[in-house]
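Please look through the model below before reading on. The notes after it are numbered, and each takes up one topic.

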Amino acid sequence: MALRQLRYREDEILTKPCKEVKKFDEKLAILLDDMYETMQKAEGVGLAAPQVGILRRAVVIEVDDPDADDSLEENPKKIMEFVNPEIIAMEGEQTGLEGCLSIPGWYGIVTRPMKVRVKAQDRDGNWFEFEGEALTARCICHELDHLEGHLFREKSQKMFSEEQISNGEVEEQ
Ligand code: CO
């Protein structure tokens, strides 16, 4: 595995739509492994291929582990990969702060569905469905937007710097 260079802010690649993954080969496996490593090193909860300069429909996301023991107080997390993902159902609404590894130090208030159901392939091309709620749903929507060349700031009415947030300047919703 290797770290990949993150793409930031005005980098044009972040505004371009991604192409469908058609080859489920070693190259894809290496890309996904590198994305896991790059996301963890940057302490992110999601990363889309264009953020490392690759215009392919692949994302990695830290989700609530669906196999975890329900009695645990804090939901354990696991990292999942979604290739050629598509949202097939959504429900409810949530409004809250959102950030992005490509726009470090800035956050925005964005409204997203509370629950989403996504259909995707794994690195071997097997289709699966996954349902995410709350932060996981927010993250899925955010990462899938990257695949269309959209950044969260386009959906945010107002952006806040890290400093403004620690000063409590975020307006109440
Ligand atoms: Co992002």
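This is a predicted model: local features need pLDDT of at least 70, side-chain atom pairs count only at pLDDT 80 or more; totals for chains, interfaces and linings use all residues.

1. Is H142 buried or exposed? H142 has a relative accessible area of 5%, and is therefore buried, the cut-off being under 20%. C100 has a relative accessible area of 10%, so C100 is buried by that cut-off too.

2. H142 belongs to helix α2, which covers residues 134–147. Its side chain makes a polar contact with the side chain of H146, at 3.2 Å. Leaving out residues up to four places away in sequence, H142 touches E98, G99, C100, R112 and F152.

3. An open sheet of 3 strands is arranged in the order β4-β5-β8, with antiparallel pairing. β4 and β8 (159–161) are at the edges; each has a single partner strand, so one side of each has no neighbour in the sheet. On average, neighbouring strands of this sheet are turned by 30 degrees against each other, direction ignored.

4. The antiparallel pairing of β5 and β8 runs over 3 bridges. Y107 stands opposite F160 in β8. Helix α2 packs on the sheet and touches β4 and β5, and its direction makes about 60 degrees with that of β4.

Technical notes:
Residues are numbered from 1 along each chain as its sequence is written. Side-chain values use heavy atoms; hydrogens and water are left out. Helices (H or I, at least four residues) and strands (E, at least two) are DSSP runs, numbered from the N terminus. Buried means under 20% relative accessible area, exposed over 50%, partly exposed in between (1.4 Å probe, protein chains only). A polar contact is a pair of N or O atoms within 3.5 Å; within protein, one must be able to donate a hydrogen and the other to accept it, and residues adjacent in sequence count only if both atoms are side-chain atoms. Contact means heavy atoms within 4.5 Å. Two strands pair if DSSP finds at least two bridges between them. Axes are lines fitted to C-alpha atoms, for helices over the stretch in contact, and angles run from 0 to 180 degrees between N-to-C directions.
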